Amino acid sequence: MTTADPSEGVRLQKVLAKAGVASRRASEELIAAGRVSVDGVVVRELGRRVDPDTAVIHVDGTRVQVRDDLVYLALNKPRGVHSTMTDEQGRPCVGDYVADRPERLFHVGRLDADTEGLLLLTNDGDLAHKLMHPSFHVTKTYLAEVEGTVARGLGKRLKAGVRLSDGPVTADAFRIKDVRPGRTLVEIVLHEGRKHIVRRLLAEVGHPVRKLVRIAIGEVRLGTTKPGKLRVLTQQEVGSLYRAVGG
């Protein structure tokens with residue numbers, strides 16, 4: 001909650017500038033235009049002070065994370081790396097890639113050892129919990145190389161729903177990206193994270209997965225991040241994650 005004492009806290013435009021939203025002058029223009037809210041209330045006065053550790057700030061309806069202690073990273077998890085922060089058997093794990101960081105980070109969701117691609121790491125427990133909770137329906141996008149030639153009607157079938165042993169699963173989107181002899185590259189979007197769900201779904205419809213890469217979580221994309229490399233999420237990407245969970 002923001003403080004009511006004008007002598008305490010940090011000026012809102014300074015907080016926005018430090019968070020990388022815009023320059024201090026441009027942040028003042030955003031405030032004056034009524035595009036900034038603090039704790040659910042639109043703020044127009046330029047002298048407003050807030051506590052960056054507790055204030056919930058939105059710009060144009062998108063949450064802006066202004067706390068200095070929160071970290072948001074994207075890792076391109078290589079194949080063979082386990083989605084754990086430590087591994088008692090000494091196998092390669094996600095924690096190896098952030099072992100030198102001072103924050104206590106944890107991964108958002110999982111990728112099985114044979115699956116590559118985007119994995120988020122953060123110390124923002126509230127956001128991580130919401131991103132993983134099935135009720136928020138945050139989408140995950142995958143590229144899968146599957147066996148066989150995929151019929152054009154498969155997308156319609158997947159979007160209508162396929163029943164697995166632990167219940168039905170429905171694809172949000174599906175498209176064929178490339179066709180080669182004996183195999184097909186497809187893109188599939190799901191909003192749930194049951195164990196091995198993509199592999200199980202595609203195997204159920206007759207196309208076992210040869211290779212699987214997660215390329216996006218919500219609007220955050222893997223992009224050109226190389227396997228085994230980390231990058232810091234932009235303020236816009238963090239905001240899109242909050243928006244995906246209604247924050």
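Q: Let's start with R63. Is R63 buried or exposed?
A: This is a predicted model. In it, R63 has 17% relative accessibility. The cut-off for buried is under 20%, so R63 counts as buried.

Q: Where does R63 lie?
A: R63 is part of strand β6. That strand covers residues 62-64.

Q: And which residues does R63 touch?
A: Leaving out residues up to four places away in sequence, R63 touches V56, I57, H58, G239, Y242 and G247.

Q: Y242 has a ring. Where does R63 lie relative to the face of Y242?
A: R63 lies over that face. The distance from the ring centre of Y242 is 4.4 Å.

Q: How many aromatic pairs does the structure hold?
A: The count is 0.

Q: How far is R63 from H191?
A: Their C-alpha atoms are separated by 22 Å. Along the chain, R63 and H191 are 128 residues apart.

Q: New topic: A171. Where is A171 found?
A: A171 is in a loop. The loop runs between β12 (167-169) and β13 (173-180).

Q: Is A171 buried or exposed?
A: A171 is buried. Its relative accessible area is 4%, and buried means under 20%.

Q: Last one. How far apart in space are A171 and L30?
A: They are 39 Å apart, C-alpha to C-alpha. In sequence, A171 and L30 are 141 residues apart.

Methods: Residues are numbered from 1 along each chain as its sequence is written. This is a predicted model: local features need pLDDT of at least 70, side-chain atom pairs count only at pLDDT 80 or more; totals for chains, interfaces and linings use all residues. Side-chain values use heavy atoms; hydrogens and water are left out. Rings of Phe, Tyr and Trp (its six-membered ring) pair if their centres lie within 6.5 Å; planes under 30 degrees apart count as stacked, over 60 as edge-to-face and the rest as tilted. A charge sits over a ring if NZ of Lys or CZ of Arg is within 6 Å of the ring centre and within 35 degrees of the ring normal. Helices (H or I, at least four residues) and strands (E, at least two) are DSSP runs, numbered from the N terminus. Buried means under 20% relative accessible area, exposed over 50%, partly exposed in between (1.4 Å probe, protein chains only). Contact means heavy atoms within 4.5 Å.
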